[in-house]
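Trainee: Hi! I'm new to this one, could you walk me through it?
Mentor: Gladly, let's open it up.

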Amino acid sequence: MRSDEFYMHRALDQAHLAAAAGEVPVGAVVVDAQGEIIGVGCNAPVASCDPSGHAEVRALREAGQHQGNYRLEGCTLFVTLEPCMMCSGAMIHARIARLVYGAAEPRAGMVESKANLLAQPWFNHQMLVTRGVLAPASQKLLKSFFAERREQPNE
């Protein structure tokens, strides 16, 4: 099994793809228990006209297709930004074993920033969480993306 940093770099690759497409630069990968990447995703809600087009959801969909099952037991999801409520719920339903994320999301993060949705006792599934892996790289990418957006004239 490779390091958390290795897989987070793969998620950052996905975030760069999102940025290049003009989407908020968030990327995610799903890794199975043997260490194989079975799903990747970058943010694409604008391009796909899909409010659920977040990196995590896209990676979970691809992983589910790869496994032939929506239950992704034993899998780890790596994402560059703390998940929102929708993505946290999707991870719970998928039975993700472990979440690893980079930067905190102070406005809408549902793992530590605004709430801890994953730790609620009424869910019959709990997952391990590792925070802050390559957070500076994730934060830098997000800050530069939004700085460039602010510099562009409104169209």
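**Helices, strands and contacts**

Mentor: Let's begin with helix α3, residues 55-67: its 13 residues should span 18 Å at 1.5 Å a residue, and its end C-alpha atoms are 18 Å apart, which agrees. The expected span is 1.5 Å times one less than the number of residues. Helices (H or I, at least four residues) and strands (E, at least two) are DSSP runs, numbered from the N terminus.

Trainee: Where does this model come from, and how are residues numbered?
Mentor: The model is predicted, so local features need pLDDT of at least 70 and side-chain atom pairs count only at pLDDT 80 or more, while totals for chains, interfaces and linings use all residues. Residues are numbered from 1 along each chain as its sequence is written, and side-chain values use heavy atoms, with hydrogens and water left out.

Trainee: Which residues of α3 are buried?
Mentor: Ala55, Glu56, Val57, Ala59, Leu60, Ala63 and Gly64 are. Buried means under 20% relative accessible area, exposed over 50%, and partly exposed in between (1.4 Å probe, protein chains only).

Trainee: And what covers them?
Mentor: The cover includes β1, β2, β3 and α4 (85-94). After α3 comes Gly68, with a positive phi near 70°.

Trainee: Switching to β1 and β2, in which sense do they pair?
Mentor: β1 (residues 27-31) and β2 (residues 37-42) pair in the antiparallel sense, over 5 bridges. Two strands pair if DSSP finds at least two bridges between them. Val29, for instance, has Val40 in β2 as its bridge partner.

Trainee: How many residues lie between them?
Mentor: There are 5 in this hairpin, and Gly35 in the turn has a positive phi of about 95°.

Trainee: OK, on to α1. Which of its residues are buried?
Mentor: In α1, those are Asp4, Tyr7, Met8, Ala11, Leu12, Gln14, Ala15 and Ala18. Seen down the axis, they fall within an arc of 160°, so they line one face of α1. That arc is taken from the directions from the helix axis to the C-beta atoms.

Trainee: What do they pack against?
Mentor: The buried residues of α1 pack against β1, β2, β3, β4, β5 (128-130) and α5. Contact means heavy atoms within 4.5 Å.

Trainee: How do the axes of α1 and α5 cross?
Mentor: They come within 11 Å and cross at roughly 5°. The axes are lines fitted to C-alpha atoms, for helices over the stretch in contact, and angles run from 0 to 180 degrees between N-to-C directions. α1 and α5 are therefore roughly parallel to each other. Angles under 35 degrees count as roughly parallel, over 145 as roughly antiparallel, 65 to 115 as roughly perpendicular and the rest as oblique.

Trainee: Which residues make that contact?
Mentor: Leu12, Ala15, His16 and Ala19 of α1 meet Ala137, Ser138, Leu141 and Phe145 of α5.

Trainee: What about α5, which residues are buried and which exposed?
Mentor: Ala135, Ser138, Leu141, Leu142 and Phe145 are buried. They cover an arc of only 140° around the axis, which puts them on the same side of α5. Pro136, Lys140, Lys143, Arg150 and Glu151 are exposed on the other side.
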